[in-house]
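Student: Could you walk me through the strand pairing in this one? I've got the sequence and the model open.

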Amino acid sequence: MRNSICLNRNWTFYGPKGTPETINLPHTWNAVDGQDGGNDYWRGTCTYETTFPMPEFDPDTQTVYLEFQGVNASADVELNGTAVIHHDGGYSTFRAEVAGLLQAENHMTVRVDNSVNDRVYPQKADFTFYGGIYRDVTLLVANKHHFDLDFFGGPGLRITPALDGTTGKIRVESWTNVENPTVEVILTDAAGATVATGQGADVTLDIPNVHLWDGVKDPYLYTATLRLGENGTAVDQISSR
């Protein structure tokens, strides 16, 4: 239902001196000077560029997003000469819908800035504010009707667990770009067996005799899988442990 295409390889990086260098992501320009424990590492704006072919998708039923899982600290993204998104915040995912800008061959430019500023938090910390694209960049092909991809980089769901005696009460909330969505929720245990199911964008499911997570001693996790239905067919699916 979704197709994720990794764009981590074969970028051209223009560093502090403007000299081009071929790199793969993840990447930071403070890999050396940010390691000595001082506060004299270089901070400023550098540029990343890459090219990629148009992904296969049906423009009548599907759309395409660019997804950045982490760029520190501010980013300006251009695709084929058009500005598509500005993002402040080095530790959060952000996306931009780009289906209408895609060509047979595409050129993307990302200007990244980790300069000292008064708008991007945290302002002070006991760690280096590494500059760069330090997490994955992907093209995400999805159905035009999907779990929300536009709300501050979130996954389109929120899971809130509670305990009532030995019963786990799992509230699963989801957001889509569809009015009155048909959402199926499936909870499975660590072995993949279904333990509870429900319908709706905001449901609470019970797990009798719930197996509790106990850190490294017993890191047990359940999985919630959500499917968005349309005319009896699942058009999008997401999951979280």
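Student: How many bridges join β5 to strand β12?

Tutor: Keep in mind that this is a predicted model. β12 covers residues 137–143 and runs antiparallel to β5. One of the pairs to look at is V64, which stands opposite V141 in β12. The count of bridges joining β5 to β12 is seven.

Student: And which residue in β9 is the bridge partner of L66?

Tutor: β5 spans residues 62–68, and four bridges join it to β9, again antiparallel. E67 stands opposite R95 in β9. For L66, the bridge partner in β9 is A96.

Student: Why is β5 largely enclosed by the rest of the structure?

Tutor: Buried means under 20% relative accessible area. β5 has seven residues, and it is largely enclosed because the number of them that are buried is six.

Student: Last one: how far apart do the end C-alpha atoms of residues 29–55 lie?

Tutor: That span is listed by UniProt, in an unreviewed entry, as "domain: WW". It is 0% helix and 33% strand, and its end C-alpha atoms are separated by 30 Å.

Key. Residues are numbered from 1 along each chain as its sequence is written. This is a predicted model: local features need pLDDT of at least 70, side-chain atom pairs count only at pLDDT 80 or more; totals for chains, interfaces and linings use all residues. Side-chain values use heavy atoms; hydrogens and water are left out. Two strands pair if DSSP finds at least two bridges between them. Helices (H or I, at least four residues) and strands (E, at least two) are DSSP runs, numbered from the N terminus. UniProt positions are given in the numbering used here, feature names are shortened, and annotations may be inferred rather than shown by experiment. Buried means under 20% relative accessible area, exposed over 50%, partly exposed in between (1.4 Å probe, protein chains only).
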